[in-house]
Amino acid sequence: MKQLTLLFAFLCSITISAQLKSPEAFLGYEIGQQFTRHADVVNYFEHVAQFSPMVSFSTYGKTNERRPLTYAIVTSENNLSNIEAIRTNHLKNTGIFSGDSTTDKAIVWLSYNVHGNEASSTEAAMATLFKLITEKQDWLENTIVIIDPCVNPDGRDRYANWYNQVKATPYNIAQDATEHHEPWPGGRPNHYLFDLNRDWAWATQIETQERLKVYNQWLPHVHVDFHEQGINDPYYFAPAAEPFHEEITDFQRDFQTKIGKNHAKYFDENGWLFFTKERFDLLYPSYGDTYPTFMGAIGMTYEQAGHGRAGLGINTDEGNVLTLKDRVAHHTTTGLSTIEVASNNAAELNAEFNAFFNNTTNNASYVLNGSQDKIDAVTNLLDKHEIAYNFGNSGNVSGYNYNTQKNGSMKMTTGSLIISANQPKGKMVTTLFEPQTKIADSLTYDITAWSIPYAYGLDAVATTKSVSGNTSRQSSDISNSPMTTSAGYISKWDSMKDARFLSELLKAGINVRFSEKAFTNANTDFEKGSLIITRSDNTSLENFDTLVTTIANTQQRQLNPVTSSFAYNGPDFGSPHIKRINKQKIAVLTGDYTSSLSYGELWHFFETQLHYPITSINTNNFSGIHLGDYDVLIIPDGYYGSYFDESKLGTLKEFVKNGGKIIALANALQIFSDNDSFSLKQKTQEQEDTINELLPYNMRERQSTNDFIIGSIFKTTLDISHPLAFGYKNTYNSLKLSADAYQFLDSGYNVGYINGTAQNISGFAGKNALKNQDNTMVFGEERLGKGSIIYMVDNPMFRSFWENGKLLLVNAIFYVNNSKVRI
């Protein structure tokens, strides 16, 4: 009987294997002949999981456009049957799960197509999957391979669908051909036009949030992020370029080199060109190579020539034809080579992984003080990364003070947030909270400062001593009750939660005011910007009290009911300083000339954070619209040099003079600068007294960094009497993304500014660029007729992670020059 059972199992295995199809057989075309739609990629992975006992396939979420986010686990049949025990044992090795670990398995995670128009990698994911289970089964005996075939399905389909619509048959290799020039916004970003490869640490996007849940269940030893670059650069793989962040271990560096050498062996055998140790550094913690690195992995980026320009084939500048088949072959080779090295070094990977997560000798702690709303925002971020934290006890804590940039002390309360580096993910903690980034090389690929206390607007101290705390704090649930005898309700204003509360009130048809001055009512002090919801403004609402309190409870906002509109100090409710907040009708410019990333940040902000409606106006349609139908026009960062001609600029001026409001972000300020109609003047960098014309060629690039600011944090003074700065302290730490500098407005309000010598708190700023920031405007308002132009030199919406800057935009929309009332 037993022999019959074994025979039956063997025959079933043969039958299942016979039903397993290659990608070519399943899709009906050879990989590289077409761009595969995402749905067909998912279908193929489901097919393989159905007919191979070495593959499981799961969905971990959905995109904004409802496409599935998926991953496959590929390993031996025996491993797959014990996969949960293997995963648990692996996490014990990190110390995240308690207990002894005897793990001997290597965990490799391969992420494909994070940029939608770098589309060869998803094709390679299918080829890699099939080769693994049909040709490389031996590696799977001690290796678990996790494959995410498409991190960005919305972007990939945007690209693939466009390309399939416009390509010639047969495809055209001429660089001038339409199929090599994507229209705005391109397939690179996700639905909200975010760059998902910069979102790992900040987790603002649904794709990242859902992926991190699975990633933290596995914490792989090796993580590869597959990309594409320009058509003339052959292939890049590890080891990475300098600068390496100081938290990266020697083993991580060395293992990158080991993997790179294995790749080189295969590339040399095939006569394929490649390069290493250039361009792609490991500093900024929110990439698909750096984030896994700070979580213990050997994190790497692989960059294949191609990108959205290449299509199915393109002629390079050297006269070679680069085909999609070539690109798939290269990515398949490096993917398999990575698994091979991991399999051959599983024991070493596990030993070093254990050492990486052992942070018991690191007693550093980061203590944060501030409003509960901002503390909650930080804990929400930490929860996404499953980083532990505690809450404080009464007392003082000493160390590096983020506000003064020197050693000092800070009072700790039961509301203080404590994040200790003495935990398995301690190296990530140190990286995210470090007050000053240590940069070994100024030639870096991205921003050079990101410290969470600055980004979230919190007071903080970094101490080298362990700080004890409590794992929970007192419940803060808010429950307001209607008070029908009140003159109205007052609520604070200093966070995005307050802004969302305002948004919900306005959408519900409730009239709201704010105070331009501090005041005292019912023995309670209220700051400038406080929301005031009066009964007299809402007499037409029969359910006024119930509606207001229901919204407040849903938004968890504390209401202060007052029996009288009389103020003991400061303005009464009927004062001219208690301004009505208009239900603003907002337009946002989009399309050609705008930065798709900047527009996407705004789109995402209004739809998913502020929950307030906007109308997106395409630049192609701008001349045909009536701007007077809107109260506010937001112009994202962009490249408008040839767009805003005299006629369009005249339209903007007329809009503002009639009471409209324009909010210009970053490079959009150049629309108005150095024009006699506006007071905005750009400040140009002074040249060096002596220019070395004989500076060697190989030093020119490094010399040019003297003129750059690469995502650095600058201390900025705020005029907190101006409505643009309501809810802020008089010092704001601004993330400066470029060296652009503007003179003080001589006709207007310099609300945020650098007075005197510029203070760069963290990050890289070249000496010329730094000097040029002295005495400059950062945020300002210029009045023109009845309306205003609000200038934001530094974009507070950048990547949606500079949480402390978002209220500036809300203030600009609802508080600044609130003169135009729509009837």
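Predicted model: local features only at pLDDT ≥ 70, side-chain atom pairs only at ≥ 80, totals over all residues.
The buried residues of helix 3 are H38, V41, V42, Y44, F45, H47, V48 and F51.

**Other helices**

- Helix 6 (residues 120-135) has 16 residues and reaches 22 Å from its first C-alpha to its last, close to the 22 Å expected at 1.5 Å a residue.
- Since 13 of the 16 residues of helix 6 are buried, this helix is largely enclosed by the rest of the structure.
- Helix 12 (residues 324-344) contains H331, which counts as buried because its relative accessible area is 0%.
- Beyond its neighbours within four places in sequence, H331 is in contact with S120, S121, A124, F226, H227, E228, Y235, Y302 and Q304.
- D250 belongs to helix 9 (residues 250-270), and its 57% relative accessibility makes it exposed.
- D250 and E179 are 71 residues apart along the chain, and their C-alpha atoms are separated by 44 Å.

**Nonpolar cores**

- The largest nonpolar core has 136 residues, of which L368, F433, F606, I634, I663 and F814 touch the most other members.
- Helix 23 (residues 806-814) gives the most to this core, contributing 7 residues.
- Another core, of 59 residues, lies apart from it, and M54, F57, F226 and F255 are among its members.
- Leaving aside neighbours within four places in sequence, I663 is in contact with V632, L633, I634, I635, I790, M792, L809, A812 and I813.

**Strands and sheets**

- Strand 27 (residues 632-635) is covered on both faces: V632 and I634 are buried on one side, L633 and I635 on the other.
- As background, in a regular strand the side chains alternate between the two faces of the sheet.
- Strand 27 runs parallel to strand 25 (residues 586-590), joined to it by 3 bridges; here A587 has L633 as its bridge partner.
- Strand 27 also runs parallel to strand 28 (residues 661-665), this time through 4 bridges, with I634 partnered by I663.
- An open sheet of 7 strands has the order 1-2-4-3-5-9-6 and mixed pairing.
- Strand 1 (55-62) and strand 6 (235-236) stand at the edges of that sheet with a single partner strand each, so one side of each has no neighbour in the sheet.
- Strand 1 pairs with strand 2 (residues 68-74) in the antiparallel sense over 7 bridges, and the bridge partner of S56 is I73 in strand 2.

**Aromatic rings and charges**

- The structure holds 56 aromatic pairs.
- One of them joins Y235 and F237, with ring centres 6.1 Å apart and planes at 50 degrees, so this pair is tilted; both residues are buried.
- Y728 and Y732 form an edge-to-face pair, 5.8 Å centre to centre with 85 degrees between the planes, and both of these residues are buried too.
- Y235, F237, F267, W272 and F274 form one aromatic cluster.
- K648 lies over the face of Y643, at 4.7 Å from the ring centre.
- The charged end of K736 sits over the ring of F714, 5.9 Å from its centre.

**Backbone details to check in your viewer**

- The peptide bond from W184 to P185 is cis, with omega near 5 degrees; P185 is in the loop between helix 7 (153-166) and helix 8 (206-218).
- A cis peptide bond also links E242 to P243, again with omega near 5 degrees, and P243 lies in strand 7 (residues 241-244).
- A522 is not a glycine, yet has a positive phi of about 55 degrees; this residue is in the loop between strand 20 (519-521) and strand 21 (524-526), and is partly exposed with a relative accessible area of 37%.
- Q556, a residue other than glycine, has a positive phi near 55 degrees; its place is in the loop between helix 18 (544-555) and strand 23 (560-562), and its relative accessible area of 27% makes it partly exposed.

Terms used:
Residues numbered from 1 in each chain as written. Heavy atoms only, no water. Buried < 20%, exposed > 50% of the residue type's maximum accessible area, 1.4 Å probe, protein only. Helix = DSSP H or I, 4+ residues; strand = E, 2+ residues; numbered from the N terminus. Core = buried A, V, L, I, M, F, W, Y, C linked by side-chain atoms within 4.5 Å. Contact = heavy atoms within 4.5 Å. Phe/Tyr/Trp six-rings, centres within 6.5 Å; stacked < 30°, edge-to-face > 60°. Lys NZ or Arg CZ within 6 Å of the ring centre and 35° of its normal. Pairing = 2+ DSSP bridges. Expected span 1.5 Å × (residues − 1).
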